[in-house]
Structure formats: structure tokens, C-alpha cells
Amino acid sequence: LGPTVCVGEILVEIVATTVGNGFMEAQPLVGPFASGAPAIFISQCGRLGGSAAMIGAVGTDDFGRVNLERLKGDGVDISAISIDPDYPTGSAFVRYREDGSRDFVYNIATSAAARFGWSEGVSNLIDRAGHLHVMGSALSVSSACEVIDKAVDIVKTRGGTLSVDPNIRKELKLDEATERRFARLVAVADLLLPSGEELERAAGVEGETNAIRRLFEIGVKEIVLKRGADGATYYSREGERIDAPAFIVAEIDPTGAGDCFGGAYLTCRRLGMPAADALTYAAAAGARNVTVVGPMEGAGTREQLDAFIATTERRS
Ligand code: ADP
């Protein structure tokens, strides 16, 4: 079994610590924290002891080092992360509004995060990858799409597996080419990890039951639907359904919950755990991560998640 490989944006995130009308009021800001949905996902895989590797890019600046050191420390293979001599590491500023929604200021399009392509390092890694994880957010970057298309072909042809987290904000309108690419990815995914309304969007039909049925017809094998503090539900193609109630925690910073959940679920499955146990670790990883400021600061090791599970109640 080759490593789990994740492709996409690597960023730093700077977080407002108070709620205000804008960044001028929501002071002070803290960070930079290592971030980027794909990077959070792979960090959680690495922390849980799964064999994990990342494809993406950072600049030569210190924000790049924040990410590289973090991922390396989590046991993630960083050999296919390129270091762009001309562009800075991507960044995002996040502020939470009173109603819990978020206001982001991004610098991705003109950063290293949007400029990586196929390279010898990427090729060497994909040739030994056992599993590929793709986030919908990476599809807005055309150079990432080239890598993803090629990597999906190679990994699937060799008998490897693919998971897809749509990770597409509901307000986001995709252009036609991206919409088609997204549909193609869903059609070859083994595991789908949608959150809320992304399920119907991925299926192209309305209603949870219809969407699940449609996705299994298309060829998806497992679906885990994430519902924030309301927990998650697992569906298998064979008709099994398992509800995974959320752990009861005080939410401090919701960013990264879904990525930690997905990374933990996938890693536990790849380590041979049954779905029910993997779901428990995933729910713990998601819940633990929201209790800490910073998008991946709460990603847990096996020992940390075991301790969290042993001491935290779940909703009924
Ligand atoms: P995404 O970030 O992809 O939208 P969710 O917000 O649904 O994903 O979070 C993923 C999982 O993390 C949830 O299914 C749940 O198990 C856990 N989780 C998220 N937020 C909370 C919370 N406030 N309390 C407890 N668990 C949570």
C-alpha cells in the first residue's frame, strides 16, 4: 500500500481573535498558522501514523517554512512540494462574524499555491501512491487541475483509490469546465466526503436519499456526509448506514474540522479499521480541531484522539 497523497493549496492563515465589523476591529490577529484544506487533511493523516505525502508549492519565504516544518514534523513526505523562487507562499486572513460565518481575504491566485505543475518529484511520488485525495477547492487553480487529471489517471489505472471532498462553498459558481472536471472526479471516486449541501451538488439531484442513490449508481463506493456539530453519516454501496454523533465540545475555531475528519477517516480505513471505528476517530479529530485556534492546530495523534474519545461525551 503506497502513501496517501493529497494535491492542492498550501497556505498560511492569520486569524482574527475577536468578532468585529471588519478586520480593523477584529483585533488582534494571530498566526501565521500552517493551512490550506489539502494541507490540513494530510497533516491529520500524518499525525495518525498513516503514510502520507503532499503535492503543492510554497515560496522561499518564511511562510513556506511554517508549512514545510509543520508537515515534516507530522511525518508527511514533502519531497513533491515545490519551492517557487518567484512567488510568495499563499495566505488567507480569516475573521468570524457574529453569526459564525467567515470573512476571508485571500492571496492565492498570485502565490506559489497557484503555480505548481507536474515535475519529476510529483511523477516519482504518483508512481508509488496508493491513494489520492482531491479537494474541490484545488480545481479553481488551473495548474493544479493538470496535476490532478494526470495523477487520477495513473493512480486509478494502477488499482489505487481516490477520495474527493467537494469543499466547494455553496455561493461559489463554478465555470463549465470546472463543473465538468468536478463531475468526472466524482464519477471515479471511491470515497466521497461531502459536507451539507455539497452532497446534492455532487450528485446533481435534490434530496439526500436521491443524491446518495445517484452517487452509488455513478460508481462511488462509500459516502460520509459531514454535518458539523450534528455529526456525520456513513453510507456504503451495499446499503449500510452508520450515524456518527458529534462529540460535545466548545467550538472556538471551526476551520479545518472537515479536513481533519476526512484525513482521520481515510487513514483509519487505510490502516484496516472497520467503518464504525474509523468514524469515531474522524468525529473525534473534527471535534478536537474546533477547540483550538488555527486551522490544523488541533489535529490529533492516535494517543491524543484515544484520550479525547475516552474523556468526551457524544450527542445522542
Ligand atoms: P466541513 O468543515 O467540511 O464543513 P464539518 O463542519 O461538517 O465539515 O465538520 C466535520 C466533522 O467534524 C463533523 O461531521 C463533526 O463530526 C466534527 N465537528 C465539526 N464541528 C463540530 C462541533 N462544533 N462540535 C463537535 N464536532 C464537530
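Cys-45 is buried, with a relative accessible area of 1%. Buried means under 20% relative accessible area, exposed over 50%, and partly exposed in between (1.4 Å probe, protein chains only). This is a predicted model: local features need pLDDT of at least 70, side-chain atom pairs count only at pLDDT 80 or more, and totals for chains, interfaces and linings use all residues. Residues are numbered from 1 along each chain as its sequence is written, and side-chain values use heavy atoms, leaving out hydrogens and water.

The structure holds zero disulfides (pairs of cysteine sulfur atoms within 2.5 Å). Cys-45 is in no disulfide. Cys-145 is too far from the closest cysteine sulfur for a bond. The table gives the values.

| Cysteine | Relative accessible area | Closest cysteine sulfur |
|---|---|---|
| Cys-45 | 1% | Cys-6, 7.3 Å |
| Cys-145 | 3% | Cys-6, 14 Å |

Now to helix α7. Helices (H or I, at least four residues) and strands (E, at least two) are DSSP runs, numbered from the N terminus. Helix α7 spans residues 208–218, and Ala-211, Ile-212, Leu-215 and Phe-216 are buried in it. These residues lie on the same side of α7, because they cover an arc of only 130° around the axis. The arc is that of the directions from the helix axis to the C-beta atoms. An α-helix has 3.6 residues a turn, so residues three or four places apart point the same way.

The face turned away from the buried side carries exposed Thr-209 and Glu-217. The cover over the buried residues of α7 includes α5 (176–188), α6 (198–203) and the strands β11 (191–192), β12 (222–226) and β13 (232–236). Contact here means heavy atoms within 4.5 Å. Gly-219 follows α7, and its phi is positive, near 130°.
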